[in-house]
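Me: Hi! I'd like to go through a model with you and ask a few quick things. Here it is.

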Amino acid sequence: MNIRKQLTTFATIGVLNTAIDITIYTLLIWLTVPLLLAVIMSTTIGMICSYFLNKRFTFKTDRQPIVQFIGITLTGLWVLQPTAIWLLIQLFGITSTFGLSIAKLAATSISLVWNFVWYRIVFRGTKKKHLRRRVFSWLRQLGSNQRPIG
């Protein structure tokens with residue numbers, strides 16, 4: 001899959017995950033769940049959705065880079081996002097639920113860029129390329145094992 005198609009698929013999945021994440025986050029804030037806990041809960045659900053959807057549709061891989069995926073995603077979601085939200089709250093004095101949701105959306109854009117760059121690295125090697133490598137390897141072996149006729 002070329003990078004343009006990957007970006008489009010990643011963005012579509014990202015919009016879906018972001019909608020789920022922000023909806024859960026906003027609901028939790030409305031229910032007066034502490035801010036950090038709301039971020040962690042909403043992003044965890046988003047992370048689970050992201051892994052399965054991106055593995056299947058964006059990168060079409062048979063690899064299982066779950067440990068790397070979790071490390072990358074947790075850094076984006078639990079380090080970059082809360083830090084960005086905190087900075088925006090400090091810079092702009094945000095206190096309303098709407099303002100916190102906008103801060104969350106801005107912080108999400110930072111983690112999305114982080115995630116795409118690193119996911120491309122850990123998910124490299126699609127099923128299609130893997131199959132192609134196996135076929136070419138098999139053909140090379142077949143060609144080198146031919147016996148002379150006669």
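Me: Which residue lies over the face of Y25?
Reply: That's K104, at 5.6 Å from the ring centre. A charge counts as over a ring if NZ of Lys or CZ of Arg is within 6 Å of the ring centre and within 35 degrees of the ring normal. Keep in mind that this is a predicted model, where local features need pLDDT of at least 70 and side-chain atom pairs count only at pLDDT 80 or more, while totals for chains, interfaces and linings use all residues. Residues are numbered from 1 along each chain as its sequence is written, and side-chain values use heavy atoms, with hydrogens and water left out.

Me: Thanks. How many helices and strands does the chain have?
Reply: Five helices and zero strands, counted as DSSP runs numbered from the N terminus (helices are H or I, at least four residues; strands are E, at least two).

Me: Let's look at α1. How many residues does helix α1 have, and how far does it reach?
Reply: α1 covers residues 3-30, which is 28 residues, and reaches 39 Å from its first C-alpha to its last. That is close to the 40 Å expected at 1.5 Å a residue, where the expected span is 1.5 Å times one less than the number of residues.

Me: And what do the buried residues of α1 pack against?
Reply: They pack against α2 (35-58), α3 (66-92) and α4 (97-122). F10, I13, N17 and Y25 are among those buried residues; buried means under 20% relative accessible area, exposed over 50%, partly exposed in between, using a 1.4 Å probe and protein chains only.

Me: What happens just after α1?
Reply: T32 takes a positive phi of about 65° there.

Me: Switching to rings: how many aromatic pairs are there in the whole structure?
Reply: A search finds seven. Rings of Phe, Tyr and Trp (its six-membered ring) pair if their centres lie within 6.5 Å; planes under 30 degrees apart count as stacked, over 60 as edge-to-face and the rest as tilted. F10 and Y119 are edge-to-face, because their centres are 6.1 Å apart and their planes at 75°. This pair links distant parts of the chain, with F10 in helix α1 and Y119 in helix α4, 109 residues apart.

Me: Are F10 and Y119 buried or exposed?
Reply: Both are buried. Y51 and F52 form another edge-to-face pair, at 5.2 Å centre to centre and 80° between the planes. Y51 is buried, at 4% relative accessible area, whereas F52 counts as exposed at 55%.

Me: Which residues form the aromatic cluster?
Reply: F10, Y51, F52, F59, F69, F116 and Y119 form one cluster.

Technical notes:
Contact means heavy atoms within 4.5 Å.
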